[in-house]
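Dear colleague,

I am handing over the structure that we talked about, and below it you will find notes on what was found in it. Please read them with the model open beside you.

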Amino acid sequence: MVKFAKAWHMKFPLHNPLLMTFHTIPSSSFSMSSAKRVGTHSGTFHCDEALACFMLRLSKLFSGADIVRTRDPKLLESLDAVVDVGGAYDPIRHRYDHHQKDFYQVFGRGFVTKLSSAGLVYKHFGLEIIGNVLRLDEDHPHVQQLYPAIYRNFVESVDALDNGVNQYDSDESPKYVINTGLGSRIKRLNLDWTDSDQSSDAENEAFHRAMALAGGEFLENVNYYAKSWLPARSIVMECLAARETIDSSGEIIKLNRSCPWKFHIHELEEEMKINPSIKYVIYQDDRSEKWKLQAVAISPARFESRKPLPYLWRGLENDRLSEVAGIPGCTFVHMSGFIGGNRSYDGALAMAKASLKA
């Protein structure tokens, strides 16, 4: 699988659409170029239309398109595509607004989050865009696998935040505020009330920075899921299939090599109908010859473990931990019990087996 990851990266190098030149024309005039024109609203911008415009320009139909920011209905009607404004969803005419009262579109494939303009563009162009970036055909199995994965792990959050969908069903206030997400960073790119230049040109320049920021993160996600996440999925699948050779309980797996596994565990358990669920994953530390064992979380978005390492082990290290656990070679167990270590594979496996019985 290591060779697969390296071969993927060499065979399908990512070209860099961030290097494309942006062309914005004033909303009061028409472009004389032959390029397609993509419209969105003027004024304060958000993450969804910045990402939608960037993604459209990754498609063959709208490659190199001029971006027109306006709320003039007549000008919008003349454009080749319109996102996040205009009050219409009509993919035949390339109209991708989501603000109308009767709008109800979702991505499908089990997703129920209402789409924003970003989700609409991704729904209709995502397969082509991923194929274009990776230089693969749309029907290539890797493109087909990446299409819902990138929606789940990147685009859906943009849709949800723009449509005011809470991440959790709770009336309680969050315990802390996160202002480092993509939406927050793009919001801060809008002209500030203290800026001396409040012109349309300054506003459009800020929007282009927002497009580059959103687009850069989109491409980073495509790159990561293509060259890292997808090969890791195959590794985790092989290890899950061999779980009973590690321990007869079927609740412990050993990774053949360290790779991103946390999300794959939950998805593949469902696909492979694995029961009982996996409690511990054992893998060798990339930076040393020592081994780690990690408790599987109850879900990919939660910190709580299905079965944390024993309470009496937590916070202990080295000889003291080995003495309490009755297992030689122990190095540490985290205070929360989600991870621990041992100097050998056999020691890590013994810790996992003992934790199962604790």
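Glu 267 counts as buried because its relative accessibility is 16%, where buried means under 20% relative accessible area, exposed means over 50% and partly exposed lies in between, with a 1.4 Å probe and only protein chains counted. Before going further, please note that this is a predicted model, in which local features need pLDDT of at least 70 and side-chain atom pairs count only at pLDDT 80 or more, while totals for chains, interfaces and linings use all residues. Residues are numbered from 1 along each chain as its sequence is written, and side-chain values use heavy atoms, with hydrogens and water left out.

Glu 267 sits in helix α9, helices being DSSP runs of H or I with at least four residues and strands runs of E with at least two, both numbered from the N terminus. The helix covers residues 262–271, and its buried residues are His 264, Ile 265, His 266, Glu 267, Leu 268 and Glu 269. Among the elements that cover these buried residues are α5, α7, β9 (252–254) and β10 (280–284). Leaving out residues up to four places away in sequence, Glu 267 touches Arg 152, Trp 229 and Arg 233, a contact being heavy atoms within 4.5 Å. Pro 300 is 33 residues from Glu 267 in sequence, and their C-alpha atoms are 9.5 Å apart. After α9 comes Lys 273, which has a positive phi near 55°.

**Salt bridges**

There are 14 salt bridges in the structure, each defined as a side-chain nitrogen of Lys or Arg within 4 Å of a carboxyl oxygen of Asp or Glu. In one of them the side chains of Arg 152 and Glu 267 meet at 3.2 Å, N to O. This pair links distant parts of the chain, with Arg 152 in helix α5 and Glu 267 in helix α9, 115 residues apart. Arg 152 is partly exposed, because its relative accessible area is 27%.

A second bridge joins Glu 251 to Lys 279, with the closest N and O atoms 2.7 Å apart. It too links distant parts of the chain, since Glu 251 lies in the loop between α8 (243–246) and β9 and Lys 279 in the loop between α9 and β10, 28 residues apart. Glu 251 is buried at a relative accessible area of 16%, and Lys 279 is buried at 13%. Salt bridges with shared partners also join Arg 152, Arg 233, Glu 267 and Glu 271 into one network.

Apart from neighbours within four places in sequence, Pro 276 is in contact with Ser 249, Gly 250 and Glu 251. The C-alpha atoms of Pro 276 and Gly 43 are separated by 54 Å, the two residues being 233 apart along the chain.

Gln 294 belongs to strand β11, residues 291–295, and is buried, with 6% relative accessibility. Its side chain makes a polar contact of 3.0 Å with the side chain of Tyr 283; a polar contact is a pair of N or O atoms within 3.5 Å, where within protein one must be able to donate a hydrogen and the other to accept it, and residues adjacent in sequence count only if both atoms are side-chain atoms.

**Nonpolar cores**

A nonpolar core is a set of buried Ala, Val, Leu, Ile, Met, Phe, Trp, Tyr and Cys residues joined through side-chain atoms within 4.5 Å. The largest has 55 residues, of which Tyr 122, Leu 146, Ile 150 and Phe 218 touch the most other members. At least two residues of this core come from each of α2 (47–56), β4 (81–83), α4 (117–134), α5, α6 and α7 (200–241), and α7 gives the largest share, twelve residues. Another core lies apart from it and holds 20 residues, among them Ile 252, Leu 321, Ala 348 and Leu 349.

**The protein as a whole**

The protein has eleven helices and 13 strands, and buried residues make up 47% of its 358 residues. Its C-alpha trace spans about 80 × 45 × 35 Å along the principal axes.

With best wishes
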